[in-house]
Amino acid sequence: MKCSKCSNPKVIIKREQSGQLLCKDCFIESIEKKVIKTVRKEKLLDKGDKVLVALSGGKDSVTTLEILNSFRKMNVIDICAVTVDEGIDNYRQDGVDIAVRHAERLGIEHKVVSLKEEYGITLDEIMQRENHKGSCTYCGVFRRTIINKAAREMGATKIATGHNLDDEVQAIMMNYLEGNTDNLTKLGAKTESKAEEFTVKIKPLREIPEREIGIYVVAKELEVHFDSCPYAMQSFRGEVSEVINQLAEKHPTIKYSTLRGYDKIKGILKEELKKDYAHGRCERCGEPSANRLCKACSFLEELGCD
């Protein structure tokens, strides 16, 4: 076998969806070019942006940081980062330490915020409550709130997350299966809100399969936290992921076709299902909220947190 691009016999990947064979250098180049193409096609960055990377220390966020740093080197953007410590014993600290080292390596502004400091409770403690609603429900809401607050505090104009192709397809299928049309309209490469307190979110890795991101960080010898969240497979997302991966074994292009199909109908969905939200303030924390309490504070109230 030889690399489809340069004929190097040291092939490290065969892309099942296309049959393409690539050596290490050509593979790294192909990933970086594809992400840059997504950035340009979707107009994710503007010159002078300060981009906050949600940096967990895992393969997706480290790859996002690494590739966006190429724009920083060209003086197109500035970068800062925030790491959320959810409080998961024997798992989270390794990722936090790796995130700190990457921020120091690149010399970027970085802060670590823990759920314990921000809300007085860890995810482990939440999961010990009998009335909990599942780890991902709380983690997603609390993380988004913390990251958005950090973006405002650090003067960021964009928030970049490491959502990959698998993540995006899972979200499409989950929201469809649950009938969550509101969330279904909010997916995509770039998410903007009418409330100015919410920083624009971008997903540069949206068209890169999870497997290829894993190979990319190994090929580039980037330090990452490879362990999976111990709560992940207990979630609905974990079940949906398993089904999609089983389908992909027989139908290698199904993740891309699902994404392309969604992108074609997204505009129609947004137009047909658009809502006018009341822009108020949470009585408890002062964050923007359409209700008396924002989602994070309503969860804290349910959990009996002061």
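A nonpolar core is here a set of buried Ala, Val, Leu, Ile, Met, Phe, Trp, Tyr and Cys residues joined through side-chain atoms within 4.5 Å. Buried means under 20% relative accessible area, exposed means over 50%, and partly exposed lies in between (1.4 Å probe, protein chains only). The model is predicted: local features need pLDDT of at least 70, side-chain atom pairs count only at pLDDT 80 or more, and totals for chains, interfaces and linings use all residues. Residues are numbered from 1 along each chain as its sequence is written, and side-chain values use heavy atoms, with hydrogens and water left out.

The protein contains twelve helices and ten strands. Helices (H or I, at least four residues) and strands (E, at least two) are DSSP runs, numbered from the N terminus. The radius of gyration is 20 Å, close to the 19 Å that the globule rule gives for 306 residues, so the protein is as compact as a globular protein of that length. This radius is taken over C-alpha atoms, and the rule is 2.2 Å times the number of residues to the power 0.38. Along its principal axes, the C-alpha trace spans about 65 × 45 × 40 Å.

Buried residues account for 49% of the 306 residues. The accessible surface comes to about 16,000 Å², and 48% of it belongs to carbon and sulfur atoms. Areas were computed by the Shrake-Rupley method with a 1.4 Å probe; for residues, only the protein chains shown count as cover. A contact requires heavy atoms within 4.5 Å. Among contacts between residues at least 6 apart in sequence, 69% join residues at least 24 apart. The mean positions of the 50 positive and 49 negative charges are 7 Å apart. Lys and Arg count as positive and Asp and Glu as negative, while His and the chain ends are not counted. Each charge is placed at NZ of Lys, CZ of Arg, CG of Asp or CD of Glu.

In soluble globular proteins, nonpolar side chains tend to be buried together. The largest nonpolar core of this model has 40 residues, and Leu 45, Leu 68 and Tyr 216 have the most contacts inside it. Two or more residues each come from strand E2 (21-23), helix H1 (24-41), strand E3 (50-54), helix H2 (59-73), strand E4 (78-85), helix H3 (92-106), strand E8 (200-202) and helix H9 (210-219). H1 gives the largest share, six residues. With neighbours within four places in sequence left aside, Leu 68 is in contact with Leu 45, Val 51, Val 53, Ile 77, Ile 79, Ala 160 and Pro 204. Another core lies apart from this one; its 35 residues include Tyr 119, Leu 123, Phe 142 and Leu 300.

Helix H9 is mostly covered, with seven of its ten residues buried. These are Glu 212, Ile 213, Gly 214, Ile 215, Tyr 216, Val 217 and Ala 219. They pack against E1, H1 and H2. Glu 221 follows H9 and has a positive phi, near 55°.

Most residues other than glycine have a negative phi. Ser 7 sits in the segment before strand E1 (11-14) and is partly exposed, at 46% relative accessible area. Asn 75 also has a positive phi, near 60°. Asn 75 is found in the loop between H2 and E4 and counts as exposed, at 60% relative accessibility.

Cys 305 is buried, with a relative accessible area of 13%. Leaving aside neighbours within four places in sequence, its contacts are Tyr 119, Ile 121, Arg 284 and Leu 300. Cys 305 and Lys 59 are 246 residues apart in sequence and 33 Å apart in space, C-alpha to C-alpha.

Two glutamates complete the account. Glu 117, in helix H4 (residues 115-119), is exposed at 64% relative accessible area. Its C-alpha is 9.5 Å from that of Asp 85, 32 residues away in sequence. Glu 125, in helix H5 (residues 123-127), is partly exposed at 28%. Glu 125 is in contact with Lys 116 and Gly 120, neighbours within four places in sequence left aside. The C-alpha atoms of Glu 125 and Gly 87 are separated by 8.4 Å, although these residues are 38 apart along the chain.
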